[in-house]
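Welcome, and take a moment to bring the structure into view. We will go through a few places in it together, one step at a time.

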Amino acid sequence: MRLENFPKRYLIVFLTFISTSVCYIERVGFSIAYTVAADAVGIDQSSKGTILSTFFVGYACSQVPGGWAAQKIGGRKVLLLSFVLWSSTCFLVPLDPNRVGPLVVARLLVGVAQGFIFPSIHTVLAQWVPPHERSRLVSITTSGMYLGAAIGMWLLPALVEFRGPESVFLVEALAGGIWSVLWFWYATDPPRSEHPKAMAVGFGGSLLPTNLNQNGSVHPKTTKIPWKKIMLSLQKMDSSKMMPYLNMFAFSVLGGFIADYLITKRIFSVTRTHKFLNSVGFIVASASLMALPFFRTSSGVIFCSSVALGFLALGRAGFAVNHMDIAPRYAGILMGVSNTAGTLAGIIGVDLTGKLLEASKMMYSDLSNPESWRLVFFIPGLLCIFSSVVFLIFSTGERIFD
C-alpha cells in the first residue's frame, strides 16, 4: 500500500504512539542515568527523590496552559514545539548531580515541555479519530508510554554501562529530534468539513481552532558498543524489569479493543463500559499493589507488579478517552486539567517515597527488609480504590459540552 493511500488518521495515531514512547524513554532514561550518576557521588535517597520529582512540578504547571494553547493555535503545532523544547534541553544541559541549580532548571523545562504533549495529543486525536474508533486508537496511542518505559528499562542500563550516563541524554535528544522531523513532514490538520454528522458527534475539521487556515559530569566511555552482547545478555540488563511495562502495553491495547467492542455491539452503553473497565482495572491493581510486599522472590514480585501495572493500563480504556466523549472540542483542555491532578502523584509521591525509604532505612538498617516497603505500596493501593469509587459515582460517557 502506498503511503498516500494509507488512512491519514492511522498515520497520525502511529506518530502519536511513537511520541508517547519517546517521552517515556526520556523519563525512564533520566531516572536511570541520574541515579547512577548520583550514587557515584553519594547523593542520598531523599535528595534524589527531590530532583526526580522536579520534572513533575513543571509537568503539572503546563497541563492546563498546554490544553489552552492546543485549543487556540492547534495541537499539531504545540506538540511539535514541545518536542523541540525538551529535546534541545536534553542535548544542551550536562548531567552533573553536584550542580543542582542547572539540573533543577533543566528538569523543570523538560517537565513544562512534556506537559504540553498529552493535551496536544488529545486535541489532535479528537479532530482525527471518529467516535466508534476512539477507545482502541486512543489506547494504542497511550500504550506507547508503556512500550517506551519497557524499551528504556531494557536498553538504557546497558547504554549507561558502556557509554556513561551522559550518553542517555544524547540518545533521547536524537530520538526527539527525529520524531520532530517526522511530525513536521507528515502531520497535518484534518480537512475542514461542515458535514452535519461529523459536527454532531464532535469530530473532524469542525474542531480546528478558528484562527487556523485550512490548509562533576560523568563523561562517556569511548568503548565500542557490543550490540550483540547487549541484545543477548539478560543478566547485564536485568530485562525482567521491562516485563511489567510490556504487560501495560498489551493490556492498554486490549482494553481499547474491548471497550469499542462493548460499545459498538451495544452490550454496554459508553458510560457503563468506561465504568466497568476502570473499576476492574483499578480494583485488581489495588489488590496487587498491597500484596506485593508479601512476595519474597524476584519472580513473585515481577508477577505481582506486572498484574498491578497491566490492570492499571486496562483501566485507561475507561478514563483516558472520557475527555473526548464529554467534550470533544475541549478534549485537550480537559486532559490538561485531569493530568494536572494526576501529576500530583509525581510531585508528592516520588519525594514522599524517598523520605519513607530513608525513614525505613534508619528503622530496619537497610532496604532489603520487606517491611520497609509495605507503606510505599499500601498508599497507592488505597488511592486506586478511592479513585475507582469516585469515577464509578460521578463519571459519564455522554456529551456534556458542545
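Is Val-270 buried, partly exposed or exposed? Before we settle that, please keep in mind that this is a predicted model. Val-270 has a relative accessible area of 22%. Buried would mean under 20% and exposed over 50%, so Val-270 counts as partly exposed.

Now let us see where this valine sits. Val-270 is found in helix 13, which covers residues 270-291. Leaving aside residues up to four places away in sequence, Val-270 touches Ile-263, Asp-325 and Gly-397. Take Asp-325 as an example: 55 residues separate it from Val-270 in sequence, while their C-alpha atoms are 8.6 Å apart in space.

Next, let us turn to a pair of helices. Two packed helices are described by the angle between their axes and the distance between the axes. For helix 1 (residues 8-40) and helix 2 (residues 45-61), the axes come within 10 Å and cross at roughly 155 degrees. That makes helix 1 roughly antiparallel to helix 2, since angles over 145 degrees are counted that way. The crossing of helix 1 past helix 2 is right-handed.

Which residues bring these two helices into contact? From helix 1 come Glu-26, Arg-27, Phe-30, Ser-31, Tyr-34, Thr-35, Ala-38 and Asp-39, and they meet Ser-47, Lys-48, Ile-51, Leu-52, Phe-55, Phe-56 and Tyr-59 in helix 2. Sorted by class, this contact has 8 nonpolar, 3 polar and 4 charged residues.

Finally, how confident is the prediction? The mean pLDDT of the protein chain is 82, and 84% of its residues reach 70 or more. Confidence is highest in helix 8 (residues 166-186), with a mean of 94, and lowest in helix 9 (residues 196-201), with a mean of 45. Over residues 194-201 the pLDDT stays under 50, and the model has 11 contacts beyond four places in sequence for them. Residues 210-223 also have a pLDDT that stays under 50, with 28 such contacts in the model. Where pLDDT is low, the predicted coordinates should not be read in detail.

Methods:
Residues are numbered from 1 along each chain as its sequence is written. This is a predicted model: local features need pLDDT of at least 70, side-chain atom pairs count only at pLDDT 80 or more; totals for chains, interfaces and linings use all residues. Side-chain values use heavy atoms; hydrogens and water are left out. Axes are lines fitted to C-alpha atoms, for helices over the stretch in contact, and angles run from 0 to 180 degrees between N-to-C directions. Helices (H or I, at least four residues) and strands (E, at least two) are DSSP runs, numbered from the N terminus. Angles under 35 degrees count as roughly parallel, over 145 as roughly antiparallel, 65 to 115 as roughly perpendicular and the rest as oblique. A crossing is left-handed if the near helix is turned anticlockwise from the far one by less than a right angle, and right-handed if clockwise. Contact means heavy atoms within 4.5 Å. Ala, Val, Leu, Ile, Met, Phe, Trp, Tyr, Cys and Pro count as nonpolar, Asp, Glu, Lys and Arg as charged, and the others, Gly among them, as polar. Buried means under 20% relative accessible area, exposed over 50%, partly exposed in between (1.4 Å probe, protein chains only). pLDDT is the predictor's confidence in each residue, from 0 to 100.
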